[in-house]
Every structure is written in structure tokens, then in C-alpha cells.
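Hello,

Here is the structure I said I would pass on. My notes follow below it.

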Amino acid sequence: MTTAQLDALFSLLRSRPRPADLTIPEMRGRYLKLAELLGGAPDARCQPVDADGVPAEWVAAPGVDESRAILMLHGGGYAIGSIATHRRLAFDVSAAASARVLLIDYRLAPEHPFPAAVDDAVIAWRWLLAQGLSASRLSLVGDSAGGGLVLAALVALRDQGLALPGCAVAISPWVDLEMQGASIAQRAQADPMVTEEGLHAYARLYLGRADPRSPLASPLHATLAGLPPVLVQVGSAEVLLDDALRIAERLHAAGNDVRLSVWPNMPHVFPFFAPILSEGRDGCSEIGGFIRARTA
């Protein structure tokens with residue numbers, strides 16, 4: 001670990017004010033500025049596509065295996081985030097997994113509350129299958145809310161009788177919209193990114209009048225049997241640590257192949273910071289290795 005890199009990242013994240021009166025457009029712009037600080041992906045081959053009505057973009061590192069693909073669901077509390085904020089992470093995962101990434105702009109709350117994001121993920125998955133790609137050569141990857149969305153999408157795909165991917169990766173997943181994890185309080189001082197107040201605000205925007213225990217909103221409460229292998233990756237310095245621990249435990253109890261990877265001292269979605277953090281690059285490598293081994 002490069003202590004100087006981690007200290008600089010934590011200082012950057014803590015220096016960013018979190019005014020309670022930010023508008024949704026301001027929140028989205030603020031997230032985009034953070035992504036822009038990390039730089040783009042100049043070597044990426046990017047191609048916008050329409051995934052049956054869902055805006056999407058193919059992001060590919062040089063030399064990827066064109067027969068393998070990843071559906072990526074970005075984070076941002078279901079209310080912020082976009083293709084633009086996650087293009088670099090998509091590129092880093094593409095390079096590590098040697099596969100193309102289909103990064104989608106699923107509909108965001110509060111304009112489009114639950115279950116719009118789940119519906120769009122399922123539509124994009126059906127579109128991927130319609131391109132003639134084998135499900136066993138495909139995977140799902142998501143971070144934070146996108147990590148929860150990956151698990152919700154897997155449950156929806158299974159229940160609809162659709163072919164499932166060879167594997168899935170949930171990075172720092174948010175799977176409990178009631179916020180019952182003990183780490184939310186225990187890690188409050190350690191986490192430079194996520195707050196309990198912020199989680200409740202995003203949950204209200206996304207849920208509308210929906211029950212926070214709805215299985216497709218909070219996959220922690222879903223029936224999880226019959227899912228493909230899942231990597232759950234999380235940092236120890238984040239308030240959502242218990243979300244990752246609990247969903248990994250329940251995936252295992254349901255008979256699934258699950259790998260839990262807890263990275264000491266890492267913040268929320270640390271692979272997002274691969275351009276400036278060596279552990280972020282190592283985290284992407286772990287994701288890539290997991291996907292390559294299960295979609296070969």
C-alpha cells in the first residue's frame with residue numbers, strides 16, 4: 001500500500017463539502033467533476049449504442065476478447081452517476097477482464113423511482129443476449145447502488161427465466177435500503193465518502209412509496225438461490241461494509257458460489273480511484289481475474 005496515495009485520496013474526499021441543500025442537478029455535476037479529476041480513458045474504444053431504448057456505450061480496452069462482455073451498472077445512490085462518471089472504471093475493468101463493457105445510463109430517481117433501474121438493467125441484458133453473445137461468456141459488474149442493482153437484476157433475470165451470466169461482481173454493494181448494518185454507525189468516522197444521512201436521502205429519492213424491504217430494492221431480503229458465482233468486494237473503511245458482509249453470508253447460505261474480498265483501510269468503491277491509487281488498480285485486477293476464470 002502506498003500510504004501517501006491513500007492519505008491524498010482521503011484528504012481529497014474529505015475536502016469536498018456536502019451541503020444539505022444541493023439540488024439533484026448540482027449533485028450530479030459534483031459527481032462528474034470528481035470523475036473528471038481522475039482523468040479519462042484515452043486508450044478506450046467507445047461506441048454509443050441504443051440497448052433497446054436504454055442509452056448505453058461499449059467501452060473496450062485494446063486487445064479485448066470480443067466474444068466476452070460485461071454489463072456494468074454504475075453507482076450513485078440511484079439518483080446520480082452516468083456513463084460519463086464511470087467510463088474510466090469501465091475501461092479499467094475491461095482491460096483487467098479482457099472483455100468489452102456495456103455501460104448503461106439506466107433511468108435515475110427521483111424522476112424515475114424504483115423499479116425503473118431494475119427494469120432498465122433487465123432490458124439491457126435482454127439486448128445483450130439478442131446480439132448473439134453466449135450468456136456463459138457474459139458477466140454483470142456494479143458498484144455501490146449499482147452493486148445492489150447487479151444482485152437485484154440477477155434475481156429478476158432468474159425469476160423471468162432468462163439465461164444468467166457466467167458470474168457477477170458487486171463492488172461495495174448497497175443492498176439494504178433500511179440501513180440496518182452496524183457499520184453505518186461504526187465506520188462513520190472512517191468513511192470519507194458515504195454518510196448515513198446521505199444514504200437515507202438517496203433511499204427516499206429512489207423508493208418513492210415502495211417498501212424498503214422489497215427484494216428488488218433491497219436484495220438482502222430476496223430469495224437468492226440459483227444465482228451465478230458472485231465476487232463481493234468491499235473496503236474495511238466504509239459504512240456499507242456490513243451490507244457486503246451480510247449479502248455474502250446470505251448468498252453462501254442460499255447455496256451459491258460467493259467470494260468475499262475485504263480490503264483493509266480501503267474506502268467506498270476503491271477501484272473507482274485506480275488512476276491515483278495502487279490498491280484501486282489491484283482491485284480491478286481482482287475483478288478481472290474473477291471474471292476471466294468464470295467466463296472463459
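Helix α1

The buried residues of α1 pack against α2. This is a predicted model, and everything below should be read with that in mind. The buried residues in question are Leu6, Leu9, Phe10 and Leu13. Viewed down the axis of α1, they fall within an arc of 95°, so they line one face of the helix. Ala4 and Ser15, on the other side of α1, are exposed. The length of α1 (residues 3-15) also checks out: at 1.5 Å a residue, its 13 residues should span 18 Å, and the end C-alpha atoms are 18 Å apart.

Helix α3

Helix α3 covers residues 83-97 and bends by about 30° at leucine 89. Of its 15 residues, 11 are buried, including Leu89, Phe91 and Val93. Among the elements covering these buried residues are α2 (24-37), β2 (54-60), β3 (65-73) and α9 (278-294). At the start of α3, a side-chain oxygen of serine 82 comes to within 3.2 Å of the backbone nitrogen of alanine 84. Just after the helix, serine 98 has a positive phi of about 55°.

Salt bridges

The search of the whole structure found 12 salt bridges. Three of them are described here.

Glutamate 57 and arginine 87 meet through their side chains at 2.6 Å, N to O. Glutamate 57 is in strand β2 and arginine 87 in helix α3, 30 residues apart, and the pair links distant parts of the chain. Glutamate 57 is buried, at 8% relative accessible area, while arginine 87 is partly exposed, at 28%.

A second salt bridge joins the side chains of arginine 100 and glutamate 66 (3.1 Å, N to O). Since arginine 100 lies in strand β4 and glutamate 66 in strand β3, this pair ties together parts that are 34 residues apart in sequence. Arginine 100 counts as buried at 15% relative accessibility; glutamate 66, with a relative accessible area of 37%, is partly exposed.

Arginine 88 is partly exposed, with a relative accessible area of 23%, and aspartate 92 is buried, with 12%. Elsewhere, salt bridges that share partners join Arg45, Glu66 and Arg100 into one network.

Regards

Terms used: Residues are numbered from 1 along each chain as its sequence is written. This is a predicted model: local features need pLDDT of at least 70, side-chain atom pairs count only at pLDDT 80 or more; totals for chains, interfaces and linings use all residues. Side-chain values use heavy atoms; hydrogens and water are left out. The bend at a residue is the angle between axes fitted to the seven residues ending there and the seven starting there. Helices (H or I, at least four residues) and strands (E, at least two) are DSSP runs, numbered from the N terminus. Buried means under 20% relative accessible area, exposed over 50%, partly exposed in between (1.4 Å probe, protein chains only). Contact means heavy atoms within 4.5 Å. A polar contact is a pair of N or O atoms within 3.5 Å; within protein, one must be able to donate a hydrogen and the other to accept it, and residues adjacent in sequence count only if both atoms are side-chain atoms. The expected span of a helix is 1.5 Å times one less than its number of residues. The arc is that of the directions from the helix axis to the C-beta atoms. A salt bridge is a side-chain nitrogen of Lys or Arg within 4 Å of a carboxyl oxygen of Asp or Glu.
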